[in-house]
Amino acid sequence: MEKRAGIQSFEKFKYINTINALAGGDITKWNQVLAMPYERVLTKLLLNKTEAEYQKRYSEMM
């Protein structure tokens, strides 16, 4: 469904997609995200991925 909806149109933004997501869509927070330690950012991304996988499995069970 994502492909049909045009998810690929975001590919041109590359890593900015991740920065924007971590900043909660607030452009004024992009520099704060960029200044964070690499390990903290990776941990947060892993947490987000784990949460998304859980939510997907949970919703499939319902």
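Which residue forms a salt bridge with Lys49? In this predicted model, the partner is Glu53. The closest N and O atoms of the two side chains lie 2.8 Å apart.

**Overall fold**

The protein chain contains four helices and zero strands. Along the sequence the pattern reads α-α-α-α. The C-alpha trace spans about 40 × 25 × 15 Å along its principal axes. The radius of gyration of the protein chain is 14 Å, whereas a compact globule of 62 residues would have a value near 11 Å.

**Surface and charge**

Buried residues account for 8% of the 62 residues. The protein chain exposes about 5800 Å². Carbon and sulfur atoms supply 60% of that area. As for charge, 10 side chains are positive and 7 are negative. The centres of these two sets lie 3 Å apart.

Side chains of opposite charge can pair when their charged atoms come close. The structure holds one salt bridge, and Glu53 and Lys49 form it. Both residues sit in helix 4, which covers residues 38-61. Because they are four residues apart in that helix, about one helical turn separates Glu53 from Lys49. Glu53 has a relative accessibility of 34%, so it counts as partly exposed. Lys49 is also partly exposed, because its relative accessible area is 49%.

**Asn20 in helix 2**

Asn20 belongs to helix 2, which runs over residues 16-22. Is Asn20 buried, partly exposed or exposed? Its relative accessibility is 29%, so Asn20 counts as partly exposed. Buried would require a value under 20%. Leaving aside residues up to four places away in sequence, Asn20 touches Gly25, Asp26 and Trp30. Lys3 stands 17 residues from Asn20 in sequence. In space, the C-alpha atoms of Asn20 and Lys3 are 21 Å apart.

The table gathers the relative accessibilities of Asn20, Glu53 and Lys49.

| Residue | Relative accessibility | Class |
|---|---|---|
| Asn20 | 29% | partly exposed |
| Glu53 | 34% | partly exposed |
| Lys49 | 49% | partly exposed |

**In brief**

The pattern of the protein chain is α-α-α-α, with 8% of its residues buried. Its one salt bridge links Glu53 to Lys49 within helix 4. In helix 2 lies Asn20, which has Trp30 among its contacts.

Note on methods:
Residues are numbered from 1 along each chain as its sequence is written. This is a predicted model: local features need pLDDT of at least 70, side-chain atom pairs count only at pLDDT 80 or more; totals for chains, interfaces and linings use all residues. Side-chain values use heavy atoms; hydrogens and water are left out. Helices (H or I, at least four residues) and strands (E, at least two) are DSSP runs, numbered from the N terminus. Buried means under 20% relative accessible area, exposed over 50%, partly exposed in between (1.4 Å probe, protein chains only). Contact means heavy atoms within 4.5 Å. The radius of gyration is taken over C-alpha atoms; the globule rule is 2.2 Å times the number of residues to the power 0.38. Accessible areas come from the Shrake-Rupley method with a 1.4 Å probe; for residues, only the protein chains shown count as cover. Lys and Arg count as positive and Asp and Glu as negative; His and the chain ends are not counted. The place of a charge is taken as NZ of Lys, CZ of Arg, CG of Asp or CD of Glu. A salt bridge is a side-chain nitrogen of Lys or Arg within 4 Å of a carboxyl oxygen of Asp or Glu.
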